[in-house]
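I opened my notebook to look this structure up piece by piece. Here is the model I worked from.

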Amino acid sequence: MRSRLLIGVPMTTTTFSHYDEMIDGQGQVRPAYAGYREWYDAQDPRWMMKQGKQAESFFRRTGITFNVYGEDAGQERLIPFDMVPRIVTADEWKKLSVGIEQRVRAINAFLHDLYHKREIVKAGKFPERLLKGNEAFLPQMVGFTPPGEVYTHIVGIDLVRTGPDEFMVLEDNARTPSGVSYMLENRETMMAMFPELFTKVQVQPVSDYPRALARSLAACAPPAANGHRPVVAVLTPGIYNSAYFEHAFLADQMGAELVEGGDLRVVDGRVCMRTTRGWQAIDVLYRRVDDNFLDPLTFNPSSMLGVAGIMDVYRAGGITIANAPGTGIADDKAIYSFMPEIVEFYTGEKPILKNVPTWRCAEADSLAYVLDHLPELVVKEVHGSGGYGMLIGPTSSKAEIAAFEKKLRARPENYIAQPTLSLSTVPIFTKAGLAPRHVDLRPFVLVSPNGINITPGGLTRVALKKGSLVVNSSQGGGTKDSWVLAE
Amino acid sequence: MLGRSAWGLFWMFRYLERAENTARMLDAGFRMALTRGLSAASDEWRSVLITLGLEDDFAATGLDFTGHIITNFVLRSPENADSVLAMMENARTNARMVRTAITREVWEATNESWMILKEVLARPVREADLGEALDTIRRQTMLVRGAMEGTMLRNDIYNFAYMGTHIERADNTARILDVKYHVLLPSLAWVGSRLDNAQWEMVLRSVSGERAFRWMNAGALDPKGIAEFLILDGRFPRSLAFCYDKLAGNMASLAYGYGEATPSHELLRQANARLQQTGIAQIFEFGLHEFITQFINTNRQIADAIAADYRFTE
C-alpha cells in the first residue's frame, strides 16, 4: 500500500476534541457499536489475547504479507491486524455511498472531458495550465475513448471522519488502488476467530468483491472480444512487488490468469499470453503496473514490466486496460483542490463529500491567508509525497516557520495548505482493554457501463500508537475489519 | 494455462522431490555412521556428495570431511546453492509464482513447510537433532503431496506438477543406484557375489525401499536383485519403471486434454519401451553404469522436450 500520513501531524488526542466512533460525549456506546460491545464485554480478555496471536500465525501461514524494499532481499512483513472491527451503521453507509458514487461519476466524466473537448476549461472552472508538464496527463489518450467509456474501473477513495455524518475525502486513488485483499482477508480472519460474533451482529458481506470485479471488468470488454466471454488477466510486476500477494489473490479469486510482462507479446494485433498451447489473446487486462511501465515503445523504454505495443493495440480496440492509462491526472495533488468544482460541474449537484479545505498558494488571496496563519496550517508541496518538504505549523518552531515562509514566498505555486483536522477514533484491543486510535477508511468502488458498485466496508487503517495520525504500515500502522451493519 | 506457470509447477515439484530424496540419502549415511563406524560412514558421505553432484563444491570449501560438516553443508550451507534449504526456498518461490494455479491447501502446505524448515535449519543441526530434522523434511514434502492429492483438480496443472515429480525421482533413483554401484562394487566381477548386507541395505534405505524389498525377497540381498528392484519393479514407487509408467500416464492425460501429442511424448514412448523390454540380465550385459548414464541423459532430454513443447520459456 502507498505509505502516507493522514494529515501529517503527530499529535496527542488530548490536544484536539475529536469524534469517537464508539463512545459519544455522554460516555454512552453509540448504536453502531451496541451489539459488538455487548459481545465484547462478555469475553475473557486473556482469551481475546490468545486469538490475536492466532490471527498472526494465520496471516503468516496464508502468506498475507507485503515485501519491504531495501531491507533483506525478499523479506516479507505482516501488516499488524487489530481484531476490534470498525463499525458503521447501514444508514451512515447509505449516505456515504451516495457521496462516493457522486464523486466517482464526476471523476470519470472529468477524465473523459480532459481527454476530449475540455468543456470544464472552456467554462473557466479548471485551469488548463495544470495539465502542462504534468506526467500523469498522457497525450496518447487525447481523443481516445476507452471501451464502455470507463476510465477508472477500480477506485479507492480515502476518507477521514470528522463528525457524525461528516466524512472528508483525503485523497482519491484513481490509478491502481491497492489494499482490497486486506479488506477480504481481514473479514475471513474475523469470521475464523469469532464465528459466534457474526451470528450475534449482522454484517453486510464483502466477499462478493472478486466476483463483482470480474463481472465489472468483463462488462468493459473491447470491440475485439466480439461478444465472446472475455478473457481477463491480472498483470503484476512479479513476486517481488510489495503488493504481489494481492495481485495473486485477486487473480485467483476471479479465476483470471496472473501474468507478467514476460508472458505477454503482441501477436496479430492482439495482446497475447504465452500458454502451454500457444499464444492466447487477452481481452481485459487488469494491470497493477504504473502507466510509465506499461509500454516500453510508448513510455519508459527500459521497462521490462509491460508489453511492447500494447498502447497501439489498445487504441485500435484490441484490449481493455483497467484502469485506463492517464487516469492518474484525476488523483493528482494539484487537481485535488478543484474536486468540489469538478463534482459540481459534471453532476450539476453540490458535492456531498467534502474535500479537506485547501488553500492554493498560487492564488494571491489564498497565499495571503496562508502566510497569516502558518502556525495553524499544514503546508504541502503539490508534487511532493511521503511527508517531505512540508510544514506542520502547530509543531514547528518560529525559526522553522520563518525559514519555510521564505520558500513559500519564492515559489507559492508549488504549495497548498490545509488546516489540521480533528480525526475520528475507533477502539483497538490493547493489554489494558479497548483504547481509541485514529483511523481512515478506503472504500473500494467498481465502475462499469452497468453502473457503480461499492463494497459495503473497505479498508480501515489505524494508527496503533496512542495519539498518532500515522496509519502507514511501516510506522506502526495497522488494519482492521470494517463493518457495515445489515439493515 | 501459462507456459510460465507450467514451468513453475514442474520445477516446484522437482525441488520438493529432490529435497525429500536428499533427506533420505543423508539418513542412510547417518545410519551407516551409527552402525558401521567411521570408515564405512565416510564412504557413504562420499557417495552422497557424488550423487548430489556436490563433491567438487564441498572440496572447494576446504571443510573437514566429517559427517556433521557434510550433512550441514548439504542441508543448509549458504555456500551450497543446492542445499535442502535452498531447494525448499525455491519450491516456495515457485509456489508463490504459480499461486493462482494451486489450491490454498497446497500453497499453505508449501509455505508452512518452508517456514518450519527455515526454523529447523536456522542453525547448524547437531547430530542429536539430525534424525528429527530429516524426518521433518520428508514429512513436510509429503504434506504438500497430500494436499495435491486431496484438493487439486486433475487437469494440466496437476499433470505438470507430477511430471516434475517423476522426472526428478527417476533421475535421483538412477543416480543413487549408479553411485552406489561404483562405491560398493569396485569391479564388475563382484556382481553376483554376496557382499556386506548392511551396505546394500543402505542402497535400499536411500530410496525407502528396504522394507518393500525384504518383503518380496525374503532374506536375499544381492546386487543384481536390488538393481532389478530399483530399475524394473513397477510396483515400487521410486523405481525407474514406476516413475516412467506414471510419467506416461500424466503425459497421456495432457495429450488427451490438449487434443495433441508433442515430440516429448514420442521420446518418452521410446524410453519407456526400452525399459519395459529390457531384462536385468541384458542391463548387466550392456553394463549397468552405461545403462544408467544413458537413462539419465534420456531423462534430461525428455525434460527439455517437455519444456520446449509446452512453452515453459520463450
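My entries below go from the whole chain to single residues, and then to the interface.

**Entry 1: chain A overall.** I note at the start that this is a predicted model. I looked up the secondary structure of chain A and found 14 helices and 23 strands. Next I checked the radius of gyration of chain A, which is 23 Å. The globule rule gives 23 Å for 487 residues, so chain A is as compact as a globular protein of that length. Along its principal axes, the C-alpha trace of chain A spans about 65 × 55 × 50 Å. I also looked up burial: 45% of the 487 residues of chain A count as buried. Then I turned to contacts in chain A between residues at least 6 apart in sequence. Of these, 70% join residues at least 24 apart.

**Entry 2: a helix pair.** I picked α2 (residues 45-62) and α5 (residues 180-193) of chain A. Two packed helices are described by the angle between their axes and the distance between the axes. Here the angle is about 135 degrees, and the axes are 11 Å apart. That makes α2(A) oblique to α5(A). The crossing is right-handed. Which residues meet? From α2(A) I listed A:Q51, A:Q54, A:A55 and A:F58, and from α5(A) A:T189, A:A192 and A:M193. By class, this contact has four nonpolar residues, three polar and no charged.

Entry 3: Most residues other than glycine have a negative phi, and most peptide bonds are trans. I looked for exceptions.

- The peptide bond from A:A322 to A:N323 is cis, with omega near -10 degrees. I placed A:N323 in the loop between β12 (320-322) and α11 (333-336) of chain A.
- A:E149 is not a glycine, yet its phi is positive, about 60 degrees. It sits in the loop between α4 (119-122) and β4 (154-163) of chain A. Its count is 14 other C-beta atoms within 10 Å, so A:E149 is partly exposed.
- A:N226 also has a positive phi, near 55 degrees. I found A:N226 in the loop between α7 (209-218) and β6 (232-235) of chain A. With 9 other C-beta atoms within 10 Å, A:N226 is exposed.

**Entry 4: where the chains meet.** How many residues of chain B are in contact with chain A? I found 20, and they touch 17 residues of chain A. On the chain B side, α1 (3-51), α4 (84-97) and α5 (104-120) each supply at least two residues. α5(B) gives the most, with five residues. By class, the chain B side has eight nonpolar, four polar and eight charged residues.

Notes
Residues numbered from 1 in each chain as written. Chains lettered and ligands numbered in written order. Predicted model: local features only at pLDDT ≥ 70, side-chain atom pairs only at ≥ 80, totals over all residues. Contact = placed C-beta atoms within 7 Å. Helix = DSSP H or I, 4+ residues; strand = E, 2+ residues; numbered from the N terminus. Nonpolar A, V, L, I, M, F, W, Y, C, P; charged D, E, K, R; others polar. Rg over C-alpha atoms; globule rule 2.2 N^0.38 Å. Buried ≥ 20, exposed ≤ 12 C-beta atoms within 10 Å, placed from the backbone. Axes fitted to C-alpha atoms, helices over the stretch in contact; angles between N-to-C directions. Parallel < 35°, antiparallel > 145°, perpendicular 65-115°, else oblique. Left-handed = near helix turned anticlockwise from the far one by under 90°.
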